[in-house]
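Subject: Structure for you to look at

Hello,

Here is the structure I said I would pass on. Please open it and keep it beside this email while you read.

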Amino acid sequence: MSRRVLTLAERSESGVTDASYELIEAASRLAGGPDRVSAVLPVGDASEAEGLREVLPAGELLLVEGPAHASPTADGTAAAVLHAREASGAECVLLPHDPVGWDVAPLVAARLGTAAATAVSALSWRGDGLVARRSAFLGKFVQEVEAPGLPAVATVERGAFPAREPGPALSVRILPSPVGPGDLRSRLVEVRDAGAGGVDLTAADVVVAAGRGLGGPENLDIVHELAAALGGVVGASRAVTDAGWLPHELQIGSSGATVSPKLYVACAISGAIQHLVGMRGSRFVVAINKDPDAPIFGAADVGIVGDALEVIPLVTEAVRDSG
Amino acid sequence: MNAVALVKQVPDRNSAFRPAGDWIDESSLGYGINDYDRYAVEAALALKEAGHAAETVAVTAGPADAGQVLRSCLAMGVDRGVHLVTDRAHLADPFFVARALAGAVSGLDAGVVFAGLLAEDSGHGQVGGLVAGLLGFSFASAATGLQFRDGRLEAHRELEGGRIAVVELRLPAVVAVQTGINTPRYASLRGIMASRRKPVERVELAAPADGGGLRRLTLGRPERGASAEILPGSPQEAAAALVPRMRAGAGVSFPGDTA
């Protein structure tokens with residue numbers, strides 16, 4: 001089978017994002033070779049992509065060019081992806097499962113008369129359709145879904161595929177964009193830092209992370225005490241920062257910080273994939289959770305199954321006593 | 001123009017879920033409103049209170065008992081509900097759901113449609129975006145802030161690495177909200193009383209045609225690559241056994257260690 005697969009390449013300060021290379025690897029495996037992978041890069045002017053041809057290891061690099069793409073928008077990027085899909089004849093479109101993909105994938109899927117398979121970690125063809133492995137129930141379960149018709153659309157989890165080594169694109173095509181700035185319904189006003197609060201999670205040797213299972217902000221004291229006893233800093237899962245128990249800059253996981261400390265202690269964190277991608281570089285992981293089936297135990301070295309409110313103070317005490 | 005909230009009935013978060021066939025065993029589950037959608041409802045109410053919407057409408061697709069989530073929206077202060085009645089099994093395909101919701105929304109004079117970023121059960125995270133795509137509305141996902149300025153809607157979107165994108169949207173627009181964008185209100189007793197007199201329009205949906213967007217195949221627990229060693233014994237014993245393992249595994253010393 002020689003179906004083409006299209007991926008979205010996103011620019012970063014130093015070239016293209018790591019996610020772009022992971023998507024090309026995922027697409028290459030699905031398509032049966034990098035030569036059948038097309039990567040689309042929306043650009044305001046093709047000269048912006050100079051040099052990227054040498055590092056994007058796809059069969060073809062499609063530059064969708066026009067002033068509408070000078071800065072990225074949901075509908076502008078979706079239009080570029082749809083245009084490149086038609087031009088390449090790709091039967092599957094792979095987008096990152098991140099805030100860019102969340103914006104673009106449904107707009108692309110709706111235009112193709114389908115839904116996207118999202119939060120995907122594995123992909124295969126089945127007949128004239130696509131089968132995707134994805135996470136459901138906030139990471140508690142793994143689900144297989146089928147998109148019975150092609151073209152299909154999927155958003156791929158960060159880290160599900162290794163990043164492909166940079167290399168030259170076999171060919172480059174410049175496609176004039178089908179949309180002008182006046183056609184777009186959204187406009188990027190600015191991108192700014194949310195403002196870090198002085199704690200550098202990424203530099204800490206020890207991170208103690210608080211999860212929703214702690215029940216409420218009144219129970220965070222025990223997490224701070226454990227962090228103090230371990231000489232570490234406090235981080236949090238998305239649920240905790242969303243609930244306002246801790247500030248957003250302490251969030252670990254996709255759309256938050258990526259940490260790789262020597263010691264990571266997950267307190268009452270279930271371990272949704274969105275959290276795991278932010279901490280799996282840690283050297284030693286401890287999980288404390290009352291649910292023995294919590295996915296966090298699959299990512300931990302040592303676990304205690306029990307009520308975090310009871311166990312955490314005991315661990316703090318044991319650490320102090322051990323000195 | 002009106003403010004619309006798309007809401008979904010989902011199994012209670014704290015239920016003991018068991019995979020069964022291509023989904024979970026639903027025989028003994030309680031149901032309630034998807035947590036993310038409470039933030040969508042609050043955003044719609046706030047829009048009206050700020051004078052940017054005439055009326056608030058909550059729309060759901062689901063079985064007969066999904067009417068309960070509309071009642072809870074009305075009790076929070078939403079003016080009226082639209083219930084697209086369909087089998088729970090038909091909610092498996094986000095495209096089917098989105099097409100039904102888009103059909104309903106197109107008749108509501110919607111200025112802004114709010115959706116939760118994702119549903120806690122299926123977690124597809126795209127129904128709002130599909131509705132936008134089908135209706136040709138503007139779209140922003142993962143919104144953590146909203147601002148109306150001179151008749152334009154600005155959405156703050158959370159990007160990776162702690163950055164925020166500020167996006168200006170033409171109306172009508174669909175905004176998929178992150179939890180944390182606001183603080184959803186609780187229903188007051190008066191709100192609950194008043195909700196009983198508020199209208200809910202019921203529309204029976206036709207069964208989905210063959211094909212569609214997505215089909216469920218299997219559901220199971222994640223495989224454990226390297227599974228944790230679970231420390232046995234009482235909590236005290238487990239805590240005591242943990243400390244030397246942390247020292248050795250992580251190769252760190254702790255502040256209380258005597259030099």
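Predicted model: local features only at pLDDT ≥ 70, side-chain atom pairs only at ≥ 80, totals over all residues.

At their interface, nine residues of domain 1 of chain A are in contact with seven residues of domain 2 of chain A. The area buried between domain 1 and domain 2 of chain A comes to about 620 Å², and carbon and sulfur atoms give 52% of that.

One salt bridge is counted between domain 1 of chain A and domain 2 of chain A. Its partners are A:Asp291 and A:Lys140, whose side chains come to 2.8 Å, N to O. On the side of domain 1 of chain A that touches domain 2 of chain A, there are two nonpolar, four polar and three charged residues. Two residue pairs are in polar contact across this interface of domain 1 and domain 2 of chain A.

**Chain A against chain B**

Next is the interface of the two chains. Here 90 residues of chain B are in contact with 86 residues of chain A. Together chain B and chain A bury about 7,300 Å², with 58% of this area on carbon and sulfur atoms.

Five salt bridges are counted between chain B and chain A. A:Arg238 and B:Glu158 form a salt bridge in which the closest N and O atoms are 3.0 Å apart. The count of residue pairs in polar contact between chain B and chain A is 33.

Which helix gives the largest share of the side of chain B that touches chain A? That is helix 6 (residues 235-250) of chain B, with 12 residues. By class, this side of chain B has 43 nonpolar, 26 polar and 21 charged residues.

**Strands that pair between and within chains**

Strand 12 (residues 186-193) of chain A and strand 11 (residues 163-169) of chain B run antiparallel and are joined by seven bridges. In this pairing, A:Glu190 stands opposite B:Val166 in strand 11 of chain B.

There is also an open sheet of six strands, in the order 14(A)-13(A)-15(A)-16(A)-17(A)-15(B), and its pairing is parallel. Strand 14 (233-236) of chain A and strand 15 (229-230) of chain B stand at the edges with a single partner strand each, so one side of each is left without a neighbour in the sheet. Further in, strand 16 (residues 284-289) of chain A runs parallel to strand 17 (residues 302-305) of chain A, and four bridges join them. A:Ile288 stands opposite A:Ile304 in strand 17 of chain A.

**Backbone details**

The places below depart from that.

- A:Leu150 and A:Pro151 are joined by a cis peptide bond, with omega about 0°. A:Pro151 sits in the loop between strand 9 (141-147) and strand 10 (152-156) of chain A.
- B:Leu171 and B:Pro172 are also joined by a cis peptide bond, with omega about 0°. The loop between strand 11 and strand 12 (173-177) of chain B holds B:Pro172.
- B:Asp109 has a positive phi, near 50°. This residue, B:Asp109, is in the loop between helix 3 (94-105) and strand 8 (110-116) of chain B.
- B:Ala142 has a positive phi as well, near 55°. B:Ala142 is placed in strand 9 (residues 138-149) of chain B.

Regards

Terms used: Residues numbered from 1 in each chain as written. Chains lettered and ligands numbered in written order. Heavy atoms only, no water. Contact = heavy atoms within 4.5 Å. Buried area = accessible area lost by both parts, 1.4 Å probe. Salt bridge = Lys/Arg side-chain N within 4 Å of Asp/Glu carboxyl O. Polar contact = N/O pair within 3.5 Å; in protein donor to acceptor, adjacent residues only side chain to side chain. Nonpolar A, V, L, I, M, F, W, Y, C, P; charged D, E, K, R; others polar. Helix = DSSP H or I, 4+ residues; strand = E, 2+ residues; numbered from the N terminus. Pairing = 2+ DSSP bridges.
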